[in-house]
Amino acid sequence: MGANPCIGLKQLYDSNRADIVWSESDIERMTKAAPPWLSRMILLAVNTGLRRGDLLKLCWSHIGSDEIEIRTGKSRDKIKALIPLHADLEAVLASIPKRGPLVLTYDDSRRPVTSNGFTSAWRRAWADAGMGDADLHFNDLRGTAITRLYLAEFSEREIAEIVGWTEESVKRIIHRYVGRAAAVRNRIERINQIKKGTDFAK
């Protein structure tokens with residue numbers, strides 16, 4: 001029996017996959033194996049938390065001076081994601097040539113990236129990266145975006161507003177994937193920063 005061509009592609013129900021995230025090493029392997037436009041798409045997903053469909057329809061007009069503002073397709077355009085333009089996200093956007101109204105176009109072309117084009121390129125990059133039967137999908141990159149925001153000290157409510165999710169979905173990811181050790185180190189660092197300006201001996 002041949003390998004399943006849908007591995008890494010088909011999106012399952014969010015209720016089944018909301019707590020699955022990519023490791024940094026897996027992200028690096030895929031971005032190295034992917035063509036430049038797909039690599040940038042992967043990094044946009046990691047830094048915005050947007051789904052594939054929302055990234056494909058992302059326009060330069062959605063990007064303001066301080067944030068990306070876009071209504072999410074999953075919510076039937078009822079929920080708006082408000083994503084702050086932090087340094088890593090700005091760097092990704094700055095690397096993308098402006099060839100038309102849509103942010104994502106194929107390399108050396110004004111043609112916007114299509115769902116079919118994404119699927120074909122993703123399958124090739126998946127094989128070239130040696131991902132094998134890893135149970136990871138593109139939309140699972142959102143979980144990594146969530147954990148990064150949490151470790152940057154955003155509240156669960158703030159994260160939900162940023163990515164256009166429910167607080168319950170955000171909590172589920174944080175509780176499962178933000179390691180206790182990482183969370184403790186983050187809190188220690190915050191306490192030490194406060195302590196620098198305070199004389200606890202007095």
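I take helices (H or I, at least four residues) and strands (E, at least two) as DSSP runs, numbered from the N terminus. This is a predicted model, where local features need pLDDT of at least 70, side-chain atom pairs count only at pLDDT 80 or more, and totals for chains, interfaces and linings use all residues. Residues are numbered from 1 along each chain as its sequence is written, and side-chain values use heavy atoms, with hydrogens and water left out.

**Fold.** I read the pattern α-α-α-α-β-β-α-α-α-α-α-α along the protein chain, which has 10 helices and 2 strands.

**Burial.** I looked up how much of the protein chain is buried (under 20% relative accessible area, 1.4 Å probe, protein chains only): 44% of its 202 residues.

**Helix H2.** In H2 (residues 24-33) I find Asp26, Ile27, Met30 and Thr31 buried. They lie on the same side of H2, because their arc around the axis (taken from the directions from the helix axis to the C-beta atoms) covers only 130 degrees. The buried residues of H2 pack against H3, helix H6 (115-128) and H7.

**H3 and H7.** At what angle do the axes of H3 and H7 cross? For helices, axes are lines fitted to C-alpha atoms over the stretch in contact, with angles from 0 to 180 degrees between N-to-C directions. The axes of H3 (residues 36-48) and H7 (residues 141-151) cross at roughly 45 degrees and come within 6 Å.

Technical notes
Buried means under 20% relative accessible area, exposed over 50%, partly exposed in between (1.4 Å probe, protein chains only). Contact means heavy atoms within 4.5 Å.
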